[in-house]
Amino acid sequence: MLIVLGAAAVAVYIWAWWLVRSGRAPRWLRWAAAVVVIATIACAGYTIWALSGAFRAVEDVNPADKASMLAHGISSALDVLAIGIAIAGAGAIACGYFTVRPRRSSPR
């Protein structure tokens with residue numbers, strides 16, 4: 001899932017780069033797409049770190065508390081993953097808007 005999320009973020013950047021290069025989108029879209037890639041990959045990295053931390057945290061805990069601590073750690077990791085998916089989705093929606101919007105013709 002995390003590899004797919006990172007690949008989707010990079011695909012959004014390449015899409016935005018193509019849109020700007022072809023003149024269909026403003027130049028700021030390339031920078032916005034770069035922010036999308038960085039934020040999405042950061043969220044994916046934090047998810048991996050939080051999941052490993054959740055499993056490390058339950059190593060030396062009372063067996064009665066292990067399930068609730070593990071569930072809390074996994075829940076916080078997946079919350080951040082959901083934020084990463086939302087960021088990548090917002091970038092894809094922005095690129096989709098500039099793909100389907102009609103081009104403005106120059107005044108004559």
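Reader: Phe 98, is that one buried or exposed?
Author: Phe 98 counts as buried because its relative accessibility is 8%, where buried means under 20% relative accessible area, exposed means over 50% and partly exposed lies in between, all with a 1.4 Å probe and protein chains only. This is a predicted model, so to speak of local features requires pLDDT of at least 70 and side-chain atom pairs count only at pLDDT 80 or more, whereas totals for chains, interfaces and linings use all residues. Residues are numbered from 1 along each chain as its sequence is written, and side-chain values use heavy atoms, with hydrogens and water left out.

Reader: How many aromatic pairs does the structure hold?
Author: There are three aromatic pairs, a pair being rings of Phe, Tyr and Trp (its six-membered ring) with centres within 6.5 Å, called stacked if the planes are under 30 degrees apart, edge-to-face if over 60, and tilted for the rest. In one of them, Trp 28 and Phe 98 have ring centres 5.8 Å apart and planes at 75 degrees, so this pair is edge-to-face.

Reader: And which parts of the chain does that pair link?
Author: Distant ones, since Trp 28 sits in helix H2 and Phe 98 in helix H3, 70 residues apart. Tyr 97 counts as partly exposed because its relative accessibility is 48%.

Reader: What makes up the largest nonpolar core?
Author: Nine residues do, namely Val 12, Ala 16, Leu 19, Val 20, Ala 25, Leu 29, Ala 33, Cys 95 and Phe 98; such a core is a set of buried Ala, Val, Leu, Ile, Met, Phe, Trp, Tyr and Cys residues joined through side-chain atoms within 4.5 Å. Helices H1 (2-21), H2 and H3 each supply at least two residues of this core, and H1 gives the most, with four. Setting aside residues up to four places away in sequence, Ala 16 touches Leu 29, Ala 33 and Cys 95, with contact meaning heavy atoms within 4.5 Å.

Reader: Switching topic, where is Thr 40, and what does it touch?
Author: Thr 40 is placed in helix H2 (residues 28-57), and it counts as buried because its relative accessibility is 1%. Not counting residues up to four places away in sequence, Thr 40 touches Leu 5, Ala 9, Gly 84, Ile 87 and Ala 88. The Thr 40 side chain also reaches the backbone oxygen of Val 36 at 2.7 Å.

Reader: And Val 80, buried or exposed?
Author: Val 80 is buried, with a relative accessible area of 18%, and it lies in helix H3 (residues 63-100). Beyond its neighbours within four places in sequence, Val 80 is in contact with Cys 43, Tyr 46 and Thr 47.

Reader: Last one: how many helices and strands does the chain have?
Author: The chain has three helices and zero strands, where helices (H or I, at least four residues) and strands (E, at least two) are DSSP runs numbered from the N terminus. Its C-alpha trace spans about 75 × 20 × 15 Å along the principal axes. The chain has a radius of gyration of 19 Å, whereas a compact globule of 108 residues would have one near 13 Å; that radius is taken over C-alpha atoms, and the globule rule is 2.2 Å times the number of residues to the power 0.38.

Conventions
Polar contact = N/O pair within 3.5 Å; in protein donor to acceptor, adjacent residues only side chain to side chain.
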